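Subject: Structure for you to look at

Hi,

Here is the structure I said I would pass on. Please open it alongside this email.

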Amino acid sequence: MKSEFTPPIGKISNINGQCISLIGNDIDTDRIIPARFLKCVNFDSLGESVFEDDRKTLGGNHPFDLKENKNASILVVNSNFGCGSSREHAPQALMRWGIKSIIGESFADIFYSNCIAIGIPCFTLPKKSIEEIQNYCDNQFLFLEIDLKNSLAKSKDLNFNLEINESSRKMFLSGEWDATSTLLDNKNLIENKFNQLPYVKFNINFL
Amino acid sequence: MSQNTLFDKVWDLHKVSILPGGSDQIFIGLHLIHEVTSPQAFGALKDKKLKVKFPDRTVATVDHIVPTDNQSRPFKDNLAEQMIETLERNCLEHKIRFFNIGSGNQGIVHVVAPELGLTQPGMTIACGDSHTSTHGAFGSIAFGIGTSQVRDVLATQTLAMNKLKVRQIWCDNKLSKGVYAKDLVLHIINKLGVKAGVGFAYEFAGPAIHELSMEERMTICNMSIEGGARCGYINPDEKTFSYIKNKLCAPKNEYWDKALRWWKSLKSDENSIYDDVIKLDASKVEPTVTWGITPGQSISINQQIPLLDDLSPNDKLVAKEAYEYMSFKPGQLIKDTPVDVCFIGSCTNGRISDLRVAAKVLKGKKVSKNVKAFAVPGSEKVATEAKKEGIDQIFKDSGFQWREPGCSMCLAMNSDKLIGNQVSASSSNRNFKGRQGSPSGRTLLMSPAMVAAAAINGKVSDVREFIN
């Protein structure tokens with residue numbers, strides 16, 4: 001059993017953990033969490049249903065079912081991971097399963113912003129490096145120490161310069177990835193902007 | 001970096017500040033919500049003791065979980081009932097306008113907002129749904145967001161975002177007979193790939209786009225996200241303005257003149273700079289059908305499913321997965337593939353013009369005995385109009401089931417689902433594994449006219465043989 005889930009809070013500068021490799025391009029959010037699990041008014045129980053249909057199809061051999069991956073927290077994926085539906089349920093399910101960070105060849109835009117908004121740093125690496133990590137994971141445990149300040153991932157045998165969008169990196173280091181209060185700091189600017197918008201003036205029938 | 005495109009202008013107009021991390025803070029002019037991605041956002045608002053900042057700027061409807069056979073309350077499905085009740089409660093508590101079932105204005109959020117005149121040029125529009133890109137058809141900058149971002153819009157009416165790059169997709173000539181907006185957008189996604197749009201907004205332009213009706217333009221922008229682009233848009237023109245005129249929430253009288261003046265000033269300049277430009281010939285597009293598990297895996301009706309050797313190294317991995325999942329052989333023709341279920345509906349193709357086109361194919365014909373076919377209008381307004389025109393009767397006479405409005409089997413959150421490895425001919429937008437409710441169900445995406453043709457023949461067919 002996994003230890004009880006606690007969501008990330010505040011500054012995120014280091015993530016240390018075991019890698020779990022999931023091979024495949026264009027893995028969509030319907031696969032990460034099928035739509036039937038979206039019938040909920042909170043995210044609490046999504047962790048156990050992550051990749052439900054893929055896992056059933058593989059009858060216990062899916063990476064998320066393998067005993068050796070039980071404590072993994074750094075997901076290593078290929079290209080266009082998280083494409084399709086905007087459902088935040090997908091990264092929420094991954095996070096509740098135990099994923100704290102994702103390294104991939106590329107991510108779909110909405111999935112990426114959902115990850116930022118809930119405190120999961122996503123990094124990219126060239127295809128070759130991803131394959132190197134995935135091959136390594138096939139044969140042995142890979143523990144990575146991720147340092148967000150320097151965008152580095154280190155382990156006993158492998159070291160990588162991770163790529164991450166600069167504003168995302170800064171938001172993790174400052175804790176502003178949880179954006180609501182930062183956005184609200186500009187209360188007056190928001191009001192001003194609203195009053196300047198041309199369409200606000202002619203949309204008197206709007207509502 | 002792009003300059004003077006519609007995207008640049010609308011983005012700059014809505015920019016509130018540059019945040020400490022370097023992202024832009026963008027004001028959201030219209031926020032649309034529905035029952036699936038909003039409850040947790042309202043919950044978070046409560047936890048943070050925050051209020052909805054501009055309740056007038058958010059509009060709600062219910063679409064994903066609604067049953068399409070019997071909509072009487074309480075719903076048979078307890079979880080679905082709980083979700084609609086939560087939305088009703090949240091809208092009441094926060095004074096948000098809610099178009100509920102029976103209001104005459106309920107439906108799929110991306111069908112409803114345009115038909116109410118809420119969607120207008122020059123706005124920023126966000127919704128907790130990836131197909132929010134639909135609204136870009138009106139020259140607005142519209143994109144899908146997740147639940148935490150829904151929370152941010154509710155609490156601040158703004159979002160922290162990085163500006164997208166802009167790619168113009170220029171479509172020359174015009175579509176030929178029997179070829180529709182759906183075929184064009186499937187073609188574009190196939191040519192560019194499902195991840196080409198990551199980091200981009202797509203501007204669809206050129207004679208072929210100009211020629212399209214507003215509803216067809218919505219089909220194109222709707223599927224931008226299937227090409228990886230979170231946002232897709234078309235510069236507004238006379239068609240845009242006349243579509244909006246007289247809609248319930250559209251500006252009226254002297255306000256209309258003011259609106260029109262501003263809207264007419266809103267388009268990409270002739271000398272705008274794009275980050276990328278792609279040109280294609282729309283007259284070469286043929287009726288298009290997907291054969292695989294991503295919307296990019298499509299072919300023309302008379303083509304064969306590609307051989308592995310014909311694909312680029314990057315596409316091979318997913319193609320192998322697709323052959324296996326779909327039980328199709330490389331080199332096999334897609335035409336004449338037997339289908340079990342035919343679905344016409346969704347935010348891509350559930351509007352009145354979609355139903356008209358399908359009805360034209362179905363008139364006087366019968367659905368094949370082996371096929372379960374059903375039509376789900378995109379909204380209550382679409383359903384009312386269809387009844388007025390007798391379209392519902394044409395569908396019913398042909399053997400289609402005529403249902404109540406909702407998202408239905410596009411994502412199968414209600415009881416409309418594939419069973420086992422059934423093959424569905426679907427006018428929706430995603431052919432992902434398990435998308436239509438069965439973990440082994442198989443989806444072939446196509447235009448509504450092509451779905452109608454498949455329903456009659458019981459197999460994938462060329463609709464051009466029906467309309468000559």
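Below is what was found in it, part by part.

Please keep in mind that this is a predicted model.

The chain contact
Chain B puts 70 residues into the contact, and chain A puts in 59. On the side of chain B that touches chain A, several elements supply at least two residues each, among them strand 1 (15–18), helix 3 (78–94), helix 10 (253–264) and helix 11 (313–326). Helix 5 of chain B gives the most to that side, with seven residues. By class, the side of chain B that touches chain A has 29 nonpolar, 28 polar and 13 charged residues.

The core
The largest nonpolar core has 220 residues. A:Val76, B:Cys342, B:Ala358 and B:Val451 touch the most other members. Helix 16 (residues 448–457) of chain B gives the most to this core: eight residues. Take A:Val76. Beyond its neighbours within four places in sequence, its contacts include A:Cys19, A:Ile20, A:Ile103, A:Ile130 and A:Cys137.

A helix pair in chain B
Helix 13 (residues 352–362) and helix 15 (residues 391–398) of chain B pack at about 45°, with axes 9 Å apart. Helix 13 of chain B is therefore oblique to helix 15 of chain B. The crossing of these two helices is left-handed. Helix 13 of chain B makes the contact through B:Leu355, B:Arg356, B:Ala359 and B:Leu362. Helix 15 of chain B brings B:Ile391, B:Ile394, B:Phe395 and B:Ser398. The residues of this contact divide into six nonpolar, one polar and one charged.

Best wishes

Conventions:
Residues numbered from 1 in each chain as written. Chains lettered and ligands numbered in written order. Predicted model: local features only at pLDDT ≥ 70, side-chain atom pairs only at ≥ 80, totals over all residues. Axes fitted to C-alpha atoms, helices over the stretch in contact; angles between N-to-C directions. Helix = DSSP H or I, 4+ residues; strand = E, 2+ residues; numbered from the N terminus. Parallel < 35°, antiparallel > 145°, perpendicular 65-115°, else oblique. Left-handed = near helix turned anticlockwise from the far one by under 90°. Contact = placed C-beta atoms within 7 Å. Nonpolar A, V, L, I, M, F, W, Y, C, P; charged D, E, K, R; others polar. Core = buried A, V, L, I, M, F, W, Y, C linked by C-beta atoms within 7 Å. Buried ≥ 20, exposed ≤ 12 C-beta atoms within 10 Å, placed from the backbone.
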